[in-house]
Amino acid sequence: MLEIKDLKAGYGEAMVLNDFSVEISHGQITALMGRNGMGKTTLLKAIMGLIPIKSGRILFNDTPIDNLQTYLISKAGVGYVPQGREVFDDFTVYENLRLAALGSSKQNLALLPKIYDWFPILKERLDQKAGTFSGGQQQILAIARALMTNPKILLLDEPTEGIQPSIVHEIGIQLSRIASETGLTILLVEQNVDMVKTMAEEIIFMENGKLTARCSAADLKNDDALLHRYLTI
Amino acid sequence: MEFWEAKLKNKLPVIITFGSLALIPLFVGDYWISQLNYYLVYGLFALSLSLVWGYGGILCLGQAIFFGIGAYVMAVTTKGMISPILMNSYIGLALAILCSAAFAALLGSFLFAGKGINGAYLAIVTLAIAIVLERLMSNWYLLGGYNGLLDVPPLNLGAFGYDIELWDSLPAFYTLWVIVFSVAIGLTYLVRSDYGILLTSIKTNPDRLAYFGFSILKLKLSVFCLSAAIAGLAGALFVTIDGFASPTLIGFTLSTEVLIWVAIGGKEVLLAAFLGAIATRIAESWLSEIFGDYWILILGITFMVSVVLLPKGLIATPLSHIGKRLSIKID
Amino acid sequence: MMDILIPLIDASSYVLILVLIALGLMIIFGMMGVINMAHGELFMIGAYVMVLTQSAGLPFIVGLILAPLLVGLLGLIIETLLIRHIYLRPLDTILATWGLSIALKQGIVLIFGPEAQSVTSPIDATLIIGDFSYPMYRLIVMGISASLIAGTFWLFLKTDFGLMARAVIARPDTSAALGINTRRLYRWSFVIGTALAGLAGALIAPTISVDPQMGLGYLIPGFLSILVGGAGPLAGVLVGGGAVGGTSSLLTVWISPVAAQIAVFVLAILVIRLRPNGILGGKIEK
């Protein structure tokens, strides 16, 4: 579904991603793990067209998306939940959700009932400004907002960062449920091992801008050595 | 040889430029020499803007503020309007430089202190100040009001009762040449010194600079004042060759012109800014005869296109290329 | 009584026009971070469109419709040929649009000559209530300006377009990642800003002398209004325009035009310095 070949990208002269290649198959939840500064966020930004790509290809359903503008990548069906959530603080919950529908297609407003069903808290607080929300609630809103664009694949950048553990678990379970209900493909960048264990079916590890290991969720549960190798400092 | 590599080589472009300028009076008539005098002064003015904008990163849209202050102070002093005792070119020049720098210090410490105004805001504010001052001078009848001050005497190199007044354009040319050349060489040296390196880092890494214990305020203020002093000097010299100080010297139009010269020439290369002023003035005197009123239209469009396509400047870009080939550091 | 009332109405009418111009500047600045130094010239061209329509013998209302359309079209061309190539370099937009303003001004000089043109007012009537008398057309201009300002606020605060525009101002990358074509929004915001300037120029053409230099006289106060009011919220423009326009207009009557201009600039600079986020405060984008 998403195929990345020999991707080189970075900021200015410095390349953060060095010939990164990976394939994400349809309907799967893949977690991308690695220490800070290894290029995880850069990879998601490169996929979204938010930073320039030096070389390599990104194919989405066999169509190249690496030279498209960000909004077209989104319209092609790539949903993105950025690091730090980036909800629109001055907008109400409803306005945040409506905006996503305006960006993608107004027909997606029909998704609202489903979104409310998945995240009832949003329905309760439709008229509340997003800026008044807690971190966890903002994260839920950011995910819901991305889902409002009706994506085929969802890229999540550290959704658990700075969020209380109870909500982390809830988000993980809810996302798995949505994925199995709708067949949504998910690429999750995450450092929180619990979240990864809750959700992921496949785990890939990244080091210095390269893909270094790949394993199934079962492997991860049985073998802590991988985690030690790629996550401890 | 070592001395050549270390000291002289990188100043070669400036030396060659001024060397050729010095030879021009041998080949041209009086009219062109007097034009050259204006070019030198405008070039000096362009150097001042290049310093503060290209090196200091402060976009001052009202650079004529300082040129005008220098011009008026020089006029008032040498016309004996303050006191006959002060009717002396040296005192006039010193006062002009001092007043421009002092006004810059006042303005700068007001604008930069604390959180400070910068970028686009600073640009607009300085432009507004230039417009206000032009309006003020137009209505300050003691200083000639709208008509300005006429009959400003030329430079007088004499002292202690001996007069050496430079009424002719040739001696005036070589005097100006010496002054402008010294400033140009001095600035070339300055921007490559440690001070220049600090200036570059205000533009790129202001936070890190503060971290290392340098006061950004002082640094910005110093370059702002130095630039103002040079602009003031240019203004003072201008009235000695023009004989006339008027409100236009302090206002909007001249501020725009110097900005165009420096932008077209190349703000980040002193020599390019200097040549930008001269080239634009020469182009103006030729092309405005051919194209008439279309000249300003052409100038506006050239300015626009050069900003978009060659943001480093029409002169600085080829200059840097040549410099790279000969391994001479241009900027 | 009339000594106070008339200057107050004059001041309000100046404030309204100033706000209209500043709103256009603000939309472009707030949204794209672009300082449009040619905004005053677009305003001037709006007035010249009115000069042309009138000399062609067309009714006034045609000028009022043509001015925003033509100036908006010009804005579209400017955005396509100039702004979109440099909007990542905000300081260069100052220079490039300044070059543009010189070119536009000179273009008008070449076509119409440097002298002032006059536009006759479509309505000669004067409103008289007791001792009070005021030209009807000026009151109508005030009414139209006020509704245009209200309309702009409505567009940006109440419509889907406005929602997207405000989203792009706040978080351009995130907005794009939600499928919003930021470039297109920039373009249309620029066109709206320029069209507003054109309309303002056409609207007040009968009340002022129309000449190639008229733009600058509104550009700088327009910018000062934005800076004084605070660049974040649209409401800042109202406050800033009121403060700058009101003071300048009233001091002109009560002291002198020069003193007024100097006082306003000095006060504005003081406010900008002491309250960098404007009277209303708020976030300043870019």
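This is a predicted model: local features need pLDDT of at least 70, side-chain atom pairs count only at pLDDT 80 or more; totals for chains, interfaces and linings use all residues.
Two residues are taken to be in contact if their C-beta atoms, placed from the backbone, lie within 7 Å.

Chain A contains ten helices and ten strands. Its radius of gyration is 17 Å, close to the 17 Å that the globule rule gives for 233 residues, so chain A is as compact as a globular protein of that length. Along the principal axes, the C-alpha atoms of chain A occupy a box of roughly 45 × 40 × 30 Å. Of the 233 residues in this chain, 43% are buried. Among contacts in chain A with a separation of 6 or more, 70% are made by residues 24 or more positions apart.

Chain B has 14 helices and zero strands. The radius of gyration of chain B is 20 Å, close to the 20 Å given by the globule rule for 331 residues, and chain B is therefore as compact as a globular protein of that length. The box filled by its C-alpha atoms along the principal axes is roughly 50 × 50 × 45 Å. Buried residues account for 50% of the 331 residues in chain B. When contacts in chain B between residues at least 6 apart in sequence are considered, 76% of them join residues at least 24 apart.

The contact between chains B and C draws on 31 residues from chain C and 31 residues from chain B. On the side of chain C that touches chain B, the elements giving two or more residues are α3 (60–86), α4 (90–112), α9 (216–229) and α11 (257–274) of chain C. The largest share of that side, 14 residues, is supplied by α4(C). By residue class, the side of chain C that touches chain B divides into 23 nonpolar, five polar and three charged residues.

Two packed helices are described by the angle between their axes and the distance between the axes. The axes of α2(C), residues 39–55, and α3(C) come within 9 Å and cross at roughly 135°. That angle makes α2(C) oblique to α3(C), and the crossing of the two helices is right-handed. Residues of α2(C) that meet α3(C) include L42(C), I45(C), V49(C) and M50(C), while those of α3(C) that meet α2(C) include V62(C), L66(C), L70(C) and L74(C). The residues of this helix–helix contact divide into ten nonpolar, five polar and no charged.

How values were computed: Residues are numbered from 1 along each chain as its sequence is written. Chains are lettered from A and ligands numbered from 1 in the order in which they are written. Helices (H or I, at least four residues) and strands (E, at least two) are DSSP runs, numbered from the N terminus. The radius of gyration is taken over C-alpha atoms; the globule rule is 2.2 Å times the number of residues to the power 0.38. A residue is buried if 20 or more other C-beta atoms lie within 10 Å of its own, exposed if 12 or fewer, and partly exposed in between; C-beta atoms are placed from the backbone. Ala, Val, Leu, Ile, Met, Phe, Trp, Tyr, Cys and Pro count as nonpolar, Asp, Glu, Lys and Arg as charged, and the others, Gly among them, as polar. Axes are lines fitted to C-alpha atoms, for helices over the stretch in contact, and angles run from 0 to 180 degrees between N-to-C directions. Angles under 35 degrees count as roughly parallel, over 145 as roughly antiparallel, 65 to 115 as roughly perpendicular and the rest as oblique. A crossing is left-handed if the near helix is turned anticlockwise from the far one by less than a right angle, and right-handed if clockwise.
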